[in-house]
Amino acid sequence: MTTGNPSYTSPKPCKHLADYKLSHGLSGYKYLQKYLKTTPPGRTSVEKPDTKIPRCISCDGIQGRLYFCLICSSVSCLDHTLLHTQSENGHDVAVDIERAELYCCVCCDQVYDPDFDRAVMSKQIMGIPRGKNGDESIGERLVKRRRLGSGVGQELVDLKISKHLISLRDRRAKSCYPLGLRGLNNLGSTCFMNSVLQALLHAPPFRNYFLSEGHNHENCRKRSVDRLCLACDIDVIFSAAFSGDRAPYSPAQFLYSWWQHSANLASYEQQDAHEFFISVLDGIHEKEGKSRNQSRDNGDCQCIAHRVFSGLLRSDVTCMTCGFTSTTFDPCVDVSLDLDTSNFRPTNIANKPIKPDGNSSMSTLLGCLDLFTRQEKLGSDPKLYCQNCQERRDSVKQMSIKRLPLVLCLHIKRFEHSPVRRMSRKIDRYLHFPFSLDMTPYLSSSIVRNRFGNRIFAFEGDESDISTEFEIFAVVTHAGTLESGHYVTYLRLRNQWYKCDDAWINEVDEAIVRASQCYMMFYVQKMLYHKANEDLSCLPISPLRDTFIPIPGCC
């Protein structure tokens with residue numbers, strides 16, 4: 001991968017898509033256009049005129065995703081699409097019927113191609129709205145009149161039609177969704193990136209920092225030829241998301257910058273969303289940390305990543321013989337929690353997701369936090385050295401939270417890796433989590449007091465004025481298996497939940513969110529959450545950014 005291309009705008013397509021275009025060019029895209037159907041909100045799907053309900057050609061099924069082969073036009077479910085690719089040489093690229101997005105049957109993931117997007121968008125422009133006196137769209141008639149018509153009267157008709165098209169475009173661009181909600185195109189196995197970016201875009205203090213010119217990409221002098229600035233490209237994404245444009249955005253430049261920062265993860269393979277989150281914050285810290293911490297004598301980093309997400313964990317290791325306690329403190333940007341699986345009995349040998357019901361085992365977020373802060377007896381091989389006994393002793397360890405961040409990220413360990421059995425698996429277990437969370441029981445002050453039976457009346461470093469009440473605003477979920485899965489983010493804005501599935505955004509009921517397989521949960525301090533909801537319609541947009549005029553009563 002080259003390292004010196006600051007003008008890079010879009011990653012190359014996957015090999016199988018490149019081979020398809022080399023052999024067939026854009027003929028398949030043009031042929032597909034006659035099957036594209038656009039609904040009034042601007043969503044495009046594939047619909048064959050001779051089929052009311054699309055069905056799999058092999059199993060006649062209608063459930064789940066269906067795919068349209070760009071070579072033979074056959075429609076298949078996901079399983080039979082993969083079998084179709086194996087049996088038919090060169091039939092590697094298909095189109096998701098419901099979402100009109102490219103899918104590589106070999107990579108088993110969505111792929112991005114700007115040529116395909118242009119084919120879809122041109123169909124939308126020519127096809128919305130349909131004329132009253134026939135099948136020709138206004139766009140098609142406008143083209144014909146420009147070619148055949150003449151005279152002042154004809155020009156007035158064309159002007160009227162043009163104004164109508166502009167009005168339709170503006171109405172589609174502006175919706176009743178809150179400002180900042182914008183889909184992100186999948187650039188090829190990048191749902192892990194899109195899901196985390198959506199959470200970052202709507203983390204109130206993180207969002208306010210970038211929208212108030214905390215880091216302006218036009219003024220940043222840190223960009224160099226061989227190393228792009230990750231914070232600059234995040235600032236560009238904020239500009240695009242809060243510009244008022246509702247068309248899906250392609251964060252290709254950011255992906256390229258992230259690849260440079262994390263060269264070991266630079267590939268089109270699916271990555272872990274949690275690992276990506278840590279990597280992004282590390283990239284921001286790397287660029288902002290040095291300049292902002294030069295005038296600080298203490299060890300607290302003043303970069304925006306740590307000011308928003310950084311907390312402090314306390315670890316107490318107590319000797320079981322003499323009671324001596326050794327205490328250490330570790331900074332963190334998230335808290336990783338184990339699921340309590342003591343009563344977990346898998347019901348699916350294939351390890352596929354199961355819907356929660358009354359008979360299936362269930363974990364709770366509070367139970368996971370209790371497990372995290374519970375005393376744990378350390379193993380005896382080897383025993384830890386006690387400074388007081390001057391020899392190795394049995395000991396117990398207890399974790400607690402010394403300092404809470406502004407935005408609390410809780411990571412659920414759903415992926416298990418056993419070096420003994422040499423196998424990995426995903427835990428498809430339902431987790432109940434509250435929308436409002438009080439972290440008081442998990443603070444170091446509470447944990448230590450409980451350990452000593454509340455006998456101590458003071459606690460060193462006890463911060464009574466710290467806010468311990470949090471509200472959830474984003475949930476990153478993972479559906480599927482360990483080998484093949486998909487990330488989706490649910491955002492809570494003005495107490496309404498929105499599903500962000502790559503380029504697609506729609507309102508959902510909170511029951512859908514509660515039933516999802518949460519992987520990362522983002523909570524913000526309660527006061528900041530309510531203030532963010534009040535200020536959502538009057539965000540501090542920079543004068544350098546595109547303006548967006550809210551629709552009264554909607555945005």
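**Close-up views of a predicted model**

**View 1. Strands S5 and S6 pair side by side.** Strand S5 (residues 93–96) and strand S6 (residues 101–104) are joined in the antiparallel sense by 4 bridges. Two strands pair if DSSP finds at least two bridges between them. Helices (H or I, at least four residues) and strands (E, at least two) are DSSP runs, numbered from the N terminus. Val93 has Cys104 in S6 as its bridge partner. The model is predicted: local features need pLDDT of at least 70, side-chain atom pairs count only at pLDDT 80 or more, and totals for chains, interfaces and linings use all residues. Residues are numbered from 1 along each chain as its sequence is written, and side-chain values use heavy atoms, with hydrogens and water left out.

**View 2. The sheet around S5 and S6 has 5 strands.** It is an open sheet, in the order S4-S3-S5-S6-S7, with antiparallel pairing. Its edge strands are S4 (75–77) and S7 (109–110), each pairing on one side only. Helix H3 (residues 78–87) lies across strand S3 (66–69), S4 and S6. H3 runs at about 115° to S4. Axes are lines fitted to C-alpha atoms, for helices over the stretch in contact, and angles run from 0 to 180 degrees between N-to-C directions. Contact means heavy atoms within 4.5 Å.

**View 3. Helices H7 and H9 cross.** The axes of H7 (residues 191–201) and H9 (residues 230–241) come within 11 Å and cross at roughly 75°. That makes H7 roughly perpendicular to H9. Angles under 35 degrees count as roughly parallel, over 145 as roughly antiparallel, 65 to 115 as roughly perpendicular and the rest as oblique. From H7, Leu197, Leu200 and Leu201 meet Ile237, Phe238 and Ala241 of H9. The residues of this contact divide into 6 nonpolar, no polar and no charged. Here Ala, Val, Leu, Ile, Met, Phe, Trp, Tyr, Cys and Pro count as nonpolar, Asp, Glu, Lys and Arg as charged, and the others, Gly among them, as polar.

**View 4. Helix H8 also meets H9.** The axes of H8 (residues 204–211) and H9 come within 10 Å and cross at roughly 95°. H8 and H9 are therefore roughly perpendicular to each other. Phe206, Arg207, Phe210 and Leu211 in H8 touch Ala231, Ile234, Asp235 and Phe238 in H9. This contact is made by 6 nonpolar, no polar and 2 charged residues.

**View 5. Helix H10 is mostly covered.** Buried means under 20% relative accessible area, exposed over 50%, partly exposed in between (1.4 Å probe, protein chains only). Among the buried residues are Phe254, Tyr256, Trp258, Trp259 and His261. Ser279 sits in helix H11 (residues 273–293). Ser279 is buried, with a relative accessible area of 10%. Leaving out residues up to four places away in sequence, Ser279 touches Trp258, His261 and Ser262.

**View 6. Strands S9, S8, S15 and S12 form an open sheet.** The 4 strands follow the order S9-S8-S15-S12, and the pairing is antiparallel. S9 (325–332) and S12 (376–377) are the edge strands, each pairing on one side only. S8 (residues 311–319) is joined to S9 by 8 bridges. Leu313 has Asp330 in S9 as its bridge partner. Another 8 bridges join S8 to S15. Val317 stands opposite Lys397 in S15. S12 pairs with S15 over 2 bridges. Lys397 in S15 is the bridge partner of Glu376. Helix H14 (residues 444–451) lies across S8, S9 and S15 (395–403), running at about 145° to S15.

**View 7. Two hairpins share strand S23.** S22 (residues 485–493) and S23 (residues 496–501) run antiparallel, with 5 bridges. Leu493 stands opposite Gln496 in S23. The S22 and S23 hairpin has 2 residues between its strands, and Arg494 in the turn has a positive phi of about 55°. S23 then pairs with S24 (residues 504–508) in the antiparallel sense over 5 bridges. The bridge partner of Asp501 is Trp504 in S24. The S23 and S24 hairpin has 2 residues between its strands, and Asp502 in the turn has a positive phi of about 55°.
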